Amino acid sequence: TSFSPQTCVIVDEKPVFMTASDILRHNTMRTRDLLRQELEIQLGELEDRWHWVSLEKIFFEKRIYKQSEKDQASWEDQVTDIERAFDPYRKQFKREITRDDVLKLCEKPVRKISKFDIKKAIDEIAGIEMTIDEVKNHLAHLTDFAIRYFQDILKKYGKGRERRTEI
């Protein structure tokens, strides 16, 4: 005997009658959308990290921190000079260098300056760029990424929990 259940579910705060296939399709598309949102958040965090590490690298490598050692009339003048010192490097950045970025750099202790490892920063930037490319690829091929996500769930939780019903 064939059995075709009509299930009542809540979609967009309204009751909707759906078949099991429709429910699966709806939930799959919702999961795909959530995965896209997570990837976009991860991409934003990676780009922020890339910006900060690149900013730090140039700050120490080009000795921009020495601008704060000059005798200036005020702290504001020193910060402005540091901002101006970044002018030749602004095109290397993916977003604008803000005054808050400069102030955060100025908070670095002298001990951090002496221990800063430029090679390590370059390696970290390269790693971040590889991860950014990977996340962008996942976003460009979101359906394939969602399929792999579901396959990983199946590998992790599927063993010993096989389907007992037949289609």
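Two residues are said to be in contact when heavy atoms of theirs lie within 4.5 Å. In this predicted model, and leaving aside neighbours within four places in sequence, His138 is in contact with Leu39, Phe145 and Arg148. His138 is found in helix H5, and because buried means under 20% relative accessible area, His138, with a relative accessible area of 14%, is classed as buried.

Leu39 and Phe145 also take part in the meeting of two helices. Thr28, Thr31, Arg32, Leu35, Arg36 and Leu39 in H1 meet Leu142, Thr143, Phe145, Ala146, Tyr149 and Phe150 in H6. By class, this contact of H1 with H6 is made up of seven nonpolar, three polar and two charged residues. The axes of H1 and H6 come within 10 Å and cross at roughly 105 degrees, which means that H1 is roughly perpendicular to H6.

In soluble globular proteins, nonpolar side chains tend to be buried together. In the present model, the largest nonpolar core has 31 residues, and those with the most contacts inside this core are Leu55, Phe59, Ile64, Phe86 and Phe93. Two or more residues are given to the core by each of helix H1 (20-61), helix H2 (75-85), helix H3 (99-106), helix H5 (118-140) and helix H6 (142-157), and the largest share, eleven residues, comes from H1. When residues up to four places away in sequence are not counted, Ile64 touches Ile58, Phe59, Ile82, Ala85, Phe86 and Tyr89.

Key. Residues are numbered from 1 along each chain as its sequence is written. This is a predicted model: local features need pLDDT of at least 70, side-chain atom pairs count only at pLDDT 80 or more; totals for chains, interfaces and linings use all residues. Side-chain values use heavy atoms; hydrogens and water are left out. A nonpolar core is a set of buried Ala, Val, Leu, Ile, Met, Phe, Trp, Tyr and Cys residues joined through side-chain atoms within 4.5 Å. Buried means under 20% relative accessible area, exposed over 50%, partly exposed in between (1.4 Å probe, protein chains only). Helices (H or I, at least four residues) and strands (E, at least two) are DSSP runs, numbered from the N terminus. Axes are lines fitted to C-alpha atoms, for helices over the stretch in contact, and angles run from 0 to 180 degrees between N-to-C directions. Angles under 35 degrees count as roughly parallel, over 145 as roughly antiparallel, 65 to 115 as roughly perpendicular and the rest as oblique. Ala, Val, Leu, Ile, Met, Phe, Trp, Tyr, Cys and Pro count as nonpolar, Asp, Glu, Lys and Arg as charged, and the others, Gly among them, as polar.
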